[in-house]
Amino acid sequence: MTAAGTGAATSTGAPAATSVSGALDELGIDRAIAPRTLRRVVSLAGPYRLRFTLAMAACLVAALANLALPLLLGHSVDQVSHIHPGDAFEPGPLLWTAGLLLLATATRGLFQMIAGYQAETVGQNIGRDLRLAYFEKLQRLEYSFHDRIHSGDLITRGMLDLEGVRGFLEVGVQRIVQLALLLGVGGWLMLRRDTVLALLILGSVPLIGLLAGRMGIRLRLAWTRLQQRMAVLTRVMEENLQGARLVRVFPARDQQMQLFDEAAEAAMGYANQRIEVRSLSMAQINGVYYAAMLLVLAVGASRVQSGQISVGNFAEFLAYMTILQVPVRQISMIMNAAARAVSSGARLFEILDREPSIHDTPGALPLPVGPVALQVEHVSFRYQGANYPVLRDIDFTVVPGRVLGIVGPAGAGKSSLAHLIARFYDVTSGAIRIGDVDIRDATLDSVRRQVAIVQQDVFLFDDSLAANIAYGEPLSPGERVRQSAAVAQLEPHVAALPLRYRTRVGERGSGLSGGQRQRVAVARALATDASVLILDDATSALDAATDHALRDALRRFTAARATIVISHRVASVAHADEILVLEQGAIVERGTHDELLALGGHYAGLHAMQTRREPDDSTPATSQELVP
Amino acid sequence: MTTLLSRDADAELEREDEAARTALLSEREQIFGRFESGLFGRLKPFVRPHRTLLLAAIVAILCFVAAQLAIPLLIRATVDSITGKAGSYPLAWVFAAFALLVLLNSLANYWSDMTASRLAQRIIFDLRRAMFAHLQLVSQGAMDGSHVGRIMSRLQGDVNAVQEFFETSVTAVGDFVLLLGIVIALFLLEWRLALLTLLLAPMLLAVRALWLPRARAAFTGARDSSSIVNGALAENINGVRVVQGMRREKLNLEDFDRKATANRDAQLRAAWSAQVLVPAVDIATGLAMVIVTLGGGWLLWQGRIDIGVVVAFIFYVQRFFDPVRTLSQQYTMAQRAATSARRIFEVIDVPLEIMEKPGAPALRGDPPTVEFRDVRFGYQRGRPILDGFNLTVHAGETLAIVGPTGSGKSSVAALACRLYDVWDGAVLVGGQDLRDVSRQSIGRKLLMVLQEPFLFTGTIADNIRFASNATRAQIVAAAKAVQADAFITALPQGYDTPLDQRGQNLSVGQRQLISFARALVADPAILILDEATASIDSVAEARIQQALRVLLKGRTAILIAHRLATVRDADRIIVLQDGAILEQGSPIELLASGGLYAGLYRHNFESFDEAG
């Protein structure tokens, strides 16, 4: 066994020693806040008050029918016990009891079904509401939020935590009500019949409930721990498969198997812990239950013998115990579900309560439509929590029909600048104006209508090619889609596809090559009416010939737009009307291609390096060939 | 009467989690496949090592069931005794027996769950390990053709489905034995009454037969709609930047609303299907009680039984029909598990194309030469990429292979590492045929640095050490040699900086430098670089080029590149086109010859692909 495996194995006994409060701490449940979270979870059922009441009413009827069973069974035992062989057999009263028994079970089943279905309806509706609210909020939350929180985490919250909240409302609440009814009404009936026996039964309930509740919390903890270990195991397997080539080249098989075994042993240790918690608790619960039954049996027998109760009453008490057994034991499930609902609820509410930091200011007006100029005025920008600015005093203007090139090494702040223009972040100082309006004073919707960005990381949706191109303008006519595709140099590729524009691109566009994906993203931006177009390293995966053709077509197509081309390749920006060289967040050089080459600074150096000549042996002729 | 059922109430909760996870992972497909008994045969080797545990589990389950069955009998004995029936046992004896039974019941409960669930757990982990271990041996060719997500869905989703089945099987077997036990007990108590009561079973089975096909459709629909709605959520989260940039919020919300509503409705249909069985089972239970009451009364009147039997019967039938319900669930689960098991064995059955000869010696790699002798190779049958390919790389030589995409240069690199086997001919390293040496020994002498630097979760030091036993000093020395030390020590935790998500917190250039250090630590005699500088921007590349020089010193090297700049330092360049050597010679010779290389170089193209 490996080192990690031993560690897990030695801690196998740990949960038994873990106190409930320790378990709650590890689950991240703050007992001061938990009741409030739980109340809030329950309050989600508010809009479905009627259905909820209906479910609970059905639950009540089912519980009453269920409680009638011990009475009827006891009655029938009494009736039967008075039958003696040879007496005149009078089936009348017995038939009545039998009929009532059938009625009671049928009622119980029917109303349990109604209760279950109505509770599910409430739960599913709440699930849908939560899903929509969550989805809506995520769409509105600003970029910096999405930068901070990993998408996998958000997806987990939207799937599993949502189920956790829904599950508690659907199952937990119903079970609590059912248990309360059985104990309340049943206890009252039993107390009236025989105080001693009733107290014996009711006395065992808190003990079993305590054991079961503790088990529920511990199971939740064991499950959470197991999931953490399984996540490690999953990661080991996933990385191994993704890095299959490396693992084979290096012969890292032994090392990988060892990693796998360590992760698997650790997971197995926790899986076994979970089993142990469950087995031990269940054995205890069963033990207490049957011990209580033994007491009822002993005390009941003496009371029957002394004539205080009948055999039928005796059977009645035993039947009542049987009915109680499962609901009391389900306290474990209720606690488990409640613990889950508290931690899941907290995670969900954290997102739902967040307000987007970028939103329309009161009185914001839409930007003017049509061709407008973009002015970036002395803009500086620092990411939230960062201690240095990524952009410093950036200042430029692009008028419709002009192309601005921005070049610089990775990390110079190029993409941040693009994001500021679409107001994905707010500038720290300075201002960005579109058509002379500060974008912070305009409606967010109109800013994004006027600015189209082709992002560096292309994201396509699992839909048809046409739907992806028309993503920003879903009502675009087919002609518009084709035109945009033609400019983006997609036409020849589309023509080769069997379903043409109706071809699905696959998850994240996995059916396309990197270059094709980039071109779809370019076409997508072109299909909008935006008057500011930003291409953020949008052609890096294209070969030089296609890149040239695209730039030519773009120039004709975007005559009325202000265009910004961002790249780390000199060749991609050489045609621009003005080029900014960005380094460490500041403009270090600006001018046309020829001016910058003549300057012999950063730009010229970059150019030399990228065209693979030493600076001194660079000739203007070669660059002419590259950039027609 | 109690059954083993309810202990799984908590598991139900967790199964929902599991189902949600699985839904995300597994491709949608026909879940209710046909049940194959042959699969159980395949599982045998996994169960066999744990025979003792299995036996213990069976014994424990039998004890538990016996204890459960005995309880109503003791209640009968109590009733018999207090009603003063002739021949009844003294009450004290009955209670003593009951006390013993309570103890046995608890112990058996504990042991059956511990042994059976652990057994299931062990088998599942073994199954997963077998699949993972097999995947390590499968050739790169087989890996190329399969999507990582798909394999992962087998390693996780399918393994989980089988686990779910196993875990519930434990309960189901208990239920089944209990059911059988109840039937036997009923017949022993009073066969006429038992017969009457059991007449209800076929009725319930008929209801179930009617119910199953419709429920199946509803359950499949619910699973599908749930994966659709979760898929839409995931896609929107991942693409949120585009969504906002393209102002699609409103439209996407409407679309999501439709999907979430459809999901709600599908879930409710499934819930309905599950709920209709509740009254069916309850009515059957009610009818059974009617039979016991009336039949019992009649038999009592006839003097054939006494009151104790009636009470025992009542306790038996109260929960008799519940197992019928859970066994139906078990059936659908079994079918899902069968499909999953088949998919698991599909992975285990992937043939190993690259086999190691028994007792194959280690690769000596001395002298460090690589020779391709009449090699024929391709990825698709009948379409060779290399055909009659001959090439010798001499000891200490740096050979560059350039050529456009698809020319076969990456295949040359892959064959030298025996990621694939040649169709014909041979690849020899230091005179040894790669097929005659042990696979594990190849990487110690001959190493390839890949185009995409792949880093694992762990610290930087872990990644440089990787499969070697390098000391900290060796790791630092390697990092210094490739000029990675400066940026590593600038990180807050230096060499112990954990890498997030496979090193996404580093730039591509930095990742590649780490992968160079990793290769340097492994210290192979022969090094192959497969486009190792292709995805790095030109600023970072200058540094990489320097690192490269350190890396190649004193080794035999093959550089695969499509960028011309990368290969200027090579001793010899080979220009490959369509699997054939078009021209070769030193960089100066090639420039002088005026061939393809010279032409591209003169026209200042960065790479071969631009020429196309």
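Let me start with the sheet in chain B, where four strands form an open sheet in the order 2-1-4-5 with antiparallel pairing, two strands counting as paired if DSSP finds at least two bridges between them. Strands here are DSSP runs of E with at least two residues, and helices are runs of H or I with at least four, each numbered from the N terminus. This is a predicted model, in which local features need pLDDT of at least 70 and side-chain atom pairs count only at pLDDT 80 or more, while totals for chains, interfaces and linings use all residues. Residues are numbered from 1 along each chain as its sequence is written, chains are lettered from A and ligands numbered from 1 in the order in which they are written, and side-chain values use heavy atoms, with hydrogens and water left out.

The edges of the chain B sheet are strand 2 (383-393) and strand 5 (432-433), each of which pairs on one side only. Strand 5 of chain B is joined by two bridges to strand 4 (residues 424-429), and the two run antiparallel, with B:Val429 standing opposite B:Gln432.

Moving to another part of chain B, B:Glu190 is found in the loop between helix 6 (148-189) and helix 7 (191-198). B:Glu190 counts as buried because its relative accessibility is 5%, where buried means under 20% relative accessible area, exposed over 50%, and partly exposed in between, with a 1.4 Å probe and protein chains only. Leaving aside residues up to four places away in sequence, B:Glu190 touches B:Leu299, B:Ile305, B:Val309 and B:Phe313, contact meaning heavy atoms within 4.5 Å.
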